[in-house]
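Trainee: Could you take me through the aromatic rings here, with a close look at how they pair up and what sits around them?

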Amino acid sequence: MPNLPPLHKLDGWPPDAPKSDESALCLVHMARGGVVFSADTARSISETLIEAHYGKDELVRQLPLTVTDTGDCFRVEGSFNHDQAMAGPGAFFLTLWKHDGRAVNFGRWEVVPPRDTK
């Protein structure tokens, strides 16, 4: 975990914000670069989502996960059948927005063999 400054609550900022810990979330983007601020965080979130949607066996099959920082988001990809060498389920993929942690482009590649034209 990187050495990051602690979050501080700013009451009344922004002016229309409720007086709660939610106002501190605005500082996350400024102080740490977003809710998902590191490749390790992106990897951990991705592992949780793979296991929740596809099961523990699929998570193990997709390891190791590759995390690429693309600027505004992290692109996470699994390793199973990443080279598309065999037909069937392929590599897992996910894009996580750093700013708010939204998961987009979530799924697995499917390798479809060429259709026999004979």
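This is a predicted model: local features need pLDDT of at least 70, side-chain atom pairs count only at pLDDT 80 or more; totals for chains, interfaces and linings use all residues.

Searching the whole structure turns up three aromatic pairs. Let's start with Y54 and F106, which are stacked, with 6.1 Å from centre to centre and 20° between their planes. Y54 belongs to helix α2 (residues 39–54) and F106 to strand β4 (residues 103–111), so this pair ties together parts that are 52 residues apart in sequence. Y54 is partly exposed, at a relative accessible area of 31%, and F106 is partly exposed too, at 30%.

Now look at F93 and W109, a tilted pair with ring centres 4.9 Å apart and 40° between the planes. Here F93 comes from strand β3 (residues 88–97) and W109 from strand β4, so the pair ties together parts that are 16 residues apart in sequence. F93 has 13% relative accessibility, so F93 counts as buried, whereas W109, at 45%, counts as partly exposed.

Coming back to Y54 and F106, ring pairs link these two and F92 into a cluster.

Finally, have a look at the charges over rings. R61 lies over the face of F80, 4.3 Å from the ring centre, and K98 lies over the face of F74, at 4.8 Å from the ring centre.

Note on methods: Residues are numbered from 1 along each chain as its sequence is written. Side-chain values use heavy atoms; hydrogens and water are left out. Rings of Phe, Tyr and Trp (its six-membered ring) pair if their centres lie within 6.5 Å; planes under 30 degrees apart count as stacked, over 60 as edge-to-face and the rest as tilted. Helices (H or I, at least four residues) and strands (E, at least two) are DSSP runs, numbered from the N terminus. Buried means under 20% relative accessible area, exposed over 50%, partly exposed in between (1.4 Å probe, protein chains only). A charge sits over a ring if NZ of Lys or CZ of Arg is within 6 Å of the ring centre and within 35 degrees of the ring normal.
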